[in-house]
Amino acid sequence: MAVRLSRTFVLRKIHQLTGIMPLGLFLLEHFYTNSKALTGAADFNNAVKDLQSIPYILFVEIGGIFIPLIYHAVYGLVVTAEARPNNLNYPYPRNWFYLTQRATGIILFFIITVHDLNFRFGMIPGLNTLSVAHHPDQSFAIVSREFNMIPIFIVYMIGIFSTVWHLANGIWLFLVDWGITIGERAQRLTGYACIAFGIFLLAVGINAAVAFIHPGGLLGRFM
Ligand code: HEM
């Protein structure tokens, strides 16, 4: 007998899947490329140049990043609008994680929109009108100039923290929802693994951002 899946179920599963792949994978790649700034402007600029020389890069970006991101973001906002937080009645950690997943989603929606218009497209008059992707020889200088403005750097710190929290908690949700971690003990242990992964990713993300304002990042003096 054929199993009929409801439309909401399928839309929800696609939403969950896009969060892990390609968006989660893209975040790892993004932090890796940003970390090239740790060894100096030339290395970062070359990394941007290498990315831009990927064959069919525009189609890779549209199909692999923009479409999944727009789907995940818009459907995520719909899910958030339907949310019924019950934290005051049930103050358990999981209820707070439910709320923070939605709160970080809203923060990400605004920060990623501005971040893309700013660095990828260079479309924020008064701040930056040069696309980092199309000016690889100036990529480091463009980012560095902005990160030296304290309010902008703070916004990026909030963005990095929110993205990492959203992804680390999202991986846990995904593993439980897709029936990969079953049972209380397995879910507790994967919870610890996601926290460890989140702390590691946060350190990598912040260190890469600091490398644009301080040579070598946070450990520059020691390495
Ligand atoms: C751009 C704005 C974004 C919004 C509005 C948003 C919203 C949401 C919401 C509301 C959920 C919870 C869904 C549920 O519990 O059923 C969620 C889950 C998730 N999101 Fe996002 N998100 C955004 C961006 C991102 C990004 C950039 C990533 C990857 C780095 C990501 C990765 C995930 C993952 C892995 C999940 C867990 C999937 C699951 O529930 O099984 N999201 N998102």
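Student: In which helix is the place of Leu-99?

Tutor: Before answering, keep in mind that this is a predicted model. Leu-99 has its place in helix α4. The C-alpha atoms of Leu-99 and Trp-172 are separated by 15 Å, although the two residues are 73 residues apart along the chain.

Student: Does Leu-99 count as buried, partly exposed or exposed?

Tutor: The general idea is to compare relative accessible area with two cut-offs, since buried means under 20% and exposed means over 50%. Leu-99 has a relative accessibility of 29%, so it counts as partly exposed.

Student: Where is Arg-120, and what does the side chain of Arg-120 join in a polar contact?

Tutor: Arg-120 is also placed in helix α4, and because its relative accessibility is 14%, it counts as buried. Its side chain and that of Glu-61 are joined by a polar contact of 2.8 Å.

Student: Where is Asn-128 found, and which backbone nitrogen does its side chain reach?

Tutor: Asn-128 is found in the loop between α4 and α5, the latter spanning residues 139–147. With a relative accessibility of 5%, Asn-128 counts as buried, and its side chain reaches the backbone nitrogen of Leu-130 at 3.0 Å.

Student: Turning to the fold, how many helices and strands does the chain have?

Tutor: The chain has 7 helices and 0 strands, and the order of its elements from the N terminus on is therefore written α-α-α-α-α-α-α. The radius of gyration of the chain is 19 Å, close to the 17 Å that the globule rule gives for 223 residues, so the chain is as compact as a globular protein of that length. Taken along the principal axes, the box filled by the C-alpha atoms is roughly 60 × 40 × 30 Å, and buried residues make up 37% of the 223 residues.

Student: Now for the metal, which residues are the protein donors of the iron atom of the ligand?

Tutor: One looks for donor atoms by distance, and here the protein donors are His-72 and His-166, each through NE2, at 2.0 to 2.1 Å from the iron atom of the ligand. His-72 lies in helix α3 (residues 57–81) and His-166 in helix α6 (residues 150–177), so the pair ties together parts that are 94 residues apart in sequence. Both histidines, His-72 and His-166, are buried.

Student: What is the geometry of the site of the iron atom?

Tutor: Six donors count as octahedral if opposite donors are over 155 degrees apart and all others between 65 and 115. The site has 6 donor atoms with angles of 86 to 178° among them, and it is octahedral.

Student: Which residues come nearest to the ligand?

Tutor: Of the 22 residues around the ligand, Arg-12, His-72, Arg-102, His-166 and Phe-174 come nearest. A polar side-chain atom of Arg-102 lies 3.1 Å from an oxygen atom of the ligand, while a polar backbone atom of Phe-174 is 3.3 Å from a ligand oxygen atom. For His-166, a polar side-chain atom lies 2.8 Å from a nitrogen atom of the ligand.

Student: Which helix gives the most to the shell around the ligand, and how does the shell divide by class?

Tutor: Helices α1 (7–35), α3, α4 (93–120) and α6 each supply at least two residues, and α1 gives the most, with 7 residues. By class, the shell has 9 nonpolar, 11 polar and 2 charged residues.

Key
Residues numbered from 1 in each chain as written. Predicted model: local features only at pLDDT ≥ 70, side-chain atom pairs only at ≥ 80, totals over all residues. Heavy atoms only, no water. Donors = N, O, S within 2.8 Å, 3.2 Å for Na, K, Ca; no water. Tetrahedral: all angles 85-135°; square planar, octahedral: opposite > 155°, others 65-115°. Helix = DSSP H or I, 4+ residues; strand = E, 2+ residues; numbered from the N terminus. Buried < 20%, exposed > 50% of the residue type's maximum accessible area, 1.4 Å probe, protein only. Near = heavy atom within 4 Å. Polar contact = N/O pair within 3.5 Å; in protein donor to acceptor, adjacent residues only side chain to side chain. Nonpolar A, V, L, I, M, F, W, Y, C, P; charged D, E, K, R; others polar. Rg over C-alpha atoms; globule rule 2.2 N^0.38 Å.
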